[in-house]
Amino acid sequence: MIRPQIFPALLVAFSLVAQEAPNPDATHLTLQDAIETSLKNNLQVQISAQTRETAKANLQFSEGTFDWLLTSGLTLSHSKSVFENKQLSPTQPLVSGNTTTDYRNWTVGLSKPFVWGGTFQLNYNPNFTYTQSEITGYPVRTTTTPYTGSISASYTQSLLRNFGREASSSSLIVAQYGSKAADYTFQLAVINQVASTESAYWDVVYAKRDLENKQQALAVAQQQLKENQIRVQVGTLAPIEVTSAEASVAQAEQNIIASEAQLLNAKDALIRILYPTSERPKGLETVDQPNVKPLPMDETKAVQTALENRVELKGAELDLAAKRVLERAANNHTLPQLDLTVGYNGTASNYATYSPVNTDLAQAKSPGYTVGLQFALPLQNRAAKGNLALARANRRSSELSLHDLQLGITLQVRQAFRNLDAASKGVTAAQKTRIYDEQDLDAERKKFENGMSTNFLVLSKLNTLDAARGAELQAQINYAKAVTALDQAMGRLLQARHLDVK
């Protein structure tokens, strides 16, 4: 006779299975779809993109230091002076009157500092002066040639301190390196996001298939319980064997409850990565399954590839290059200041109109030339020496950090390579174990049907098979994650996923 307490257990099992019915509104995602969705929506990637834009803006700001500068100015003035009892010449009597002066000056300048330490300046300066004198008892006297002007050009070149591109434009070079490093930092954020997305995706795959395995185990345990109950009814099995089968069913139900919670948590984690800000889907179903493939290269080749491709290493190399530029610039700044200046100055005669003034300036009718040297030597120069010591320490620190990073990457690749090799072998071993356990369970059930085994042994074999199936699934997921870890360690994760970062 079937015991009444069996029915609640069966109802619970059937309800657990029914909860996993397919959701027609669920979003079905391949691994590639999940990666693309994650990169489009993830906040950390967007933050890294803004950091890259900041670096580009900083580069543009540094480049602006060497822009051409156009200046212009206009000055208008009017003045009037009154005089009384003034003797204009020794032979003339004292007179009174006033003098009015109108002055207009227009200046146009063009200058540019160069990256090699030179500065160019050009100035064009036409002007107009009109003077009128009124003396009591005399005719009004006015100026007849009010227009004149000048043009000047000079170039100053540093010969010691600030001579050369690295010395005078070190901040620009560092900004250029910083802009490139920001690109690598952005790529690193993308790589890390792809790796975390794949890990979360495989966690969902594992939880989903683990729940399917647990449901299969429950169905087998229920079948075993049903057979035991029939055998008890016909008198070929002791009633105590039904109790052990019931315990097996209860354990399978408990495992399903844990697996369902694990699946929901894994889906929530994946949804959090894929849809941090946008509207979340009603459901999510994974499509891809782990695929075991042979290793494409040896360990030495993997290490070499990583040292060539890792963006962290490229960023560290740029940082070291920038520190070396700053060190050479600091060393240059310990030198004395010696500047050479050459210049030209042309003037025009006074004319009644502007046109002759410009003709004189263009034809250099009144040229003038200057050449000069300016020397300055700080007697102690402690600020420059201290800056040089600091730059040397920073450069040495970057060299050590780069070497440490190279060693760390080498170790990471070797470990990832070996882990992938071990995971591949683990998948093969777990598959064989599962096959053998299936055969062992089948044999044990046949022996039980012929009265040559016990229910305890059958249930033990069933538990062993469940564990083997879980181990095989875990080995497959471990292999998929090991592939991601190796691709990430070798710096080829984006290429392997056919992603182009811009």
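Colleague: In which strand is the place of asparagine 127?

Modeller: This is a predicted model, and in it asparagine 127 belongs to strand β4, which covers residues 118-135.

Colleague: What makes asparagine 127 buried?

Modeller: The relative accessible area of asparagine 127 is 13%. Buried means under 20%, so asparagine 127 is called buried.

Colleague: Which residues is asparagine 127 in contact with, leaving aside its neighbours within four places in sequence?

Modeller: The contacts of asparagine 127, with those neighbours set aside, are Tyr103, Arg104, Asn105, Pro146, Tyr147, Thr148, Gly149 and Tyr354. Valine 242, by contrast, is 115 residues from asparagine 127 in sequence and 117 Å from it in space, C-alpha to C-alpha.

Colleague: Why are α5 and α11 called roughly antiparallel?

Modeller: Helix α5 (residues 170-234) and helix α11 (residues 455-490) pack at an angle of about 170°. Angles over 145 degrees count as roughly antiparallel, and the pair is therefore given that name. The axes of α5 and α11 are 10 Å apart. By class, the contact of α5 with α11 has 14 nonpolar, 12 polar and seven charged residues.

Colleague: Which residues have the most contacts inside the largest nonpolar core?

Modeller: They are Val194, Tyr201, Trp202, Leu270, Leu274 and Leu284, in a core of 49 residues. Two or more residues each are given to this core by α2 (31-41), α3 (43-63), α5, α6 (240-274), α10, α11 and α12 (493-496). The largest share, 17 residues, comes from α5. A second, separate core has 21 residues, including Ala306, Ala316, Leu320 and Tyr479.

Colleague: What does valine 194 touch, not counting residues up to four places away in sequence?

Modeller: Valine 194 touches Ile35, Leu39, Leu493, Leu494, Arg497 and Leu499.

Colleague: Which residues of α2 are buried, and what do they pack against?

Modeller: Leu31, Ala34, Ile35, Thr37, Ser38 and Asn41 are buried in α2. The buried residues of this helix pack against β1, α3, α5 and α6.

Colleague: Is threonine 27 buried or partly exposed, and how do you know?

Modeller: Threonine 27, in strand β1 (residues 27-29), has a relative accessibility of 25%. Buried means under 20% and exposed over 50%, with partly exposed in between, so threonine 27 counts as partly exposed. Leaving aside neighbours within four places in sequence, threonine 27 is in contact with Tyr275, Pro281, Gly283, Leu284 and Glu285. Of these, leucine 284 is 257 residues away in sequence and 4.7 Å away in space, C-alpha to C-alpha.

Colleague: What makes threonine 286 buried?

Modeller: Threonine 286 is found in strand β7 (residues 284-286). The relative accessible area of threonine 286 is 6%, and buried means under 20%, so threonine 286 is buried. With neighbours within four places in sequence left aside, threonine 286 is in contact with Leu29, Tyr201, Val204, Val205 and Lys208.

Colleague: Why is proline 296 called exposed?

Modeller: Proline 296 has its place in the loop between β7 and α7 (299-309). The relative accessible area of proline 296 is 59%; exposed means over 50%, so the term applies to proline 296. The C-alpha atoms of proline 296 and glutamate 444, 148 residues apart along the chain, are separated by 42 Å.

Colleague: What does UniProt list for residues 208-269?

Modeller: An unreviewed UniProt entry lists residues 208-269 as "coiled-coil region". In the model the chain over residues 208-269 is 92% helix and 0% strand, and the end C-alpha atoms are 14 Å apart.

Notes:
Residues are numbered from 1 along each chain as its sequence is written. This is a predicted model: local features need pLDDT of at least 70, side-chain atom pairs count only at pLDDT 80 or more; totals for chains, interfaces and linings use all residues. Side-chain values use heavy atoms; hydrogens and water are left out. Axes are lines fitted to C-alpha atoms, for helices over the stretch in contact, and angles run from 0 to 180 degrees between N-to-C directions. Helices (H or I, at least four residues) and strands (E, at least two) are DSSP runs, numbered from the N terminus. Angles under 35 degrees count as roughly parallel, over 145 as roughly antiparallel, 65 to 115 as roughly perpendicular and the rest as oblique. Ala, Val, Leu, Ile, Met, Phe, Trp, Tyr, Cys and Pro count as nonpolar, Asp, Glu, Lys and Arg as charged, and the others, Gly among them, as polar. Buried means under 20% relative accessible area, exposed over 50%, partly exposed in between (1.4 Å probe, protein chains only). Contact means heavy atoms within 4.5 Å. UniProt positions are given in the numbering used here, feature names are shortened, and annotations may be inferred rather than shown by experiment. A nonpolar core is a set of buried Ala, Val, Leu, Ile, Met, Phe, Trp, Tyr and Cys residues joined through side-chain atoms within 4.5 Å.
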